[in-house]
Amino acid sequence: SGANLTSLNASNISSGTLSTDRYVQGGITEYDNWRLSSSVTTSGDTVLTSNWERVDSATFEKIGTGLSESSGVFSFPSTGKWQIIWMPSFLLSGAKSRHSVGDLQVTTNNSSFNLVSRANCNNWNNSVDVHHKGICQYLFDVTNVSNYKFRFQCNGSADSGNQNITVWGDSNYNYTEFSCMK
């Protein structure tokens, strides 16, 4: 049988505000989505320094202030825990065995960047053009907006060493893109 509440001692009820350590606070306070606006062809380790745009589709609207970008380096508008989801799209052509990577790199000193997550794409024994789409993510605990930043680097390789890859971009569609949420 079930229990019934028959009396409540009012002296156990406090007035004022509920302590914030007793419940989960807020929800999504920031969300932003960026894409590569045109394709970039590269060989070797290459930081994507240009062709970035905030998604401007009719059905997208950022939440909050949004990120800022300078030469492919992205900055946060506020401290907190930020989830970064990176989805590079590649075209490789002309080699039998091919591999493409899209690296997510962060800095905590506004200077040296370190790899924290990697999207790997592989294709073996095929000499036709191949399209790849990768994904990786990272939860970045941003404690200083002046020094904590991130960027993306791509590389293509083949059975014969470094190979040109095209990182797909378009100003109308999200081929190579990332989103950030706090």
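Predicted model: local features only at pLDDT ≥ 70, side-chain atom pairs only at ≥ 80, totals over all residues.
Residues are numbered from 1 along each chain as its sequence is written. Local features need pLDDT of at least 70 and side-chain atom pairs count only at pLDDT 80 or more, while totals for chains, interfaces and linings use all residues, and side-chain values use heavy atoms, with hydrogens and water left out.

E177 is buried but has no salt bridge, and K133, the nearest side chain of opposite charge, is 4.4 Å away. Buried means under 20% relative accessible area (1.4 Å probe, protein chains only), and a salt bridge needs a side-chain nitrogen of Lys or Arg within 4 Å of a carboxyl oxygen of Asp or Glu. Leaving aside residues up to four places away in sequence, E177 touches N33, W34, R35, I85, W86, M87 and K133, with contact meaning heavy atoms within 4.5 Å.

K133 leads on to a sheet. In β11, K133 is the bridge partner of S89, and β8 (residues 89-92) pairs with β11 in the antiparallel sense over 4 bridges; pairing requires at least two DSSP bridges. The open sheet has 4 strands in the order β2-β15-β8-β11, with antiparallel pairing. Strands β2 (38-42) and β11 (130-133) stand at the edges with a single partner strand each, so one side of each is left without a neighbour in the sheet.

Key
Buried < 20%, exposed > 50% of the residue type's maximum accessible area, 1.4 Å probe, protein only. Lys, Arg positive; Asp, Glu negative; His and termini not counted. Helix = DSSP H or I, 4+ residues; strand = E, 2+ residues; numbered from the N terminus.
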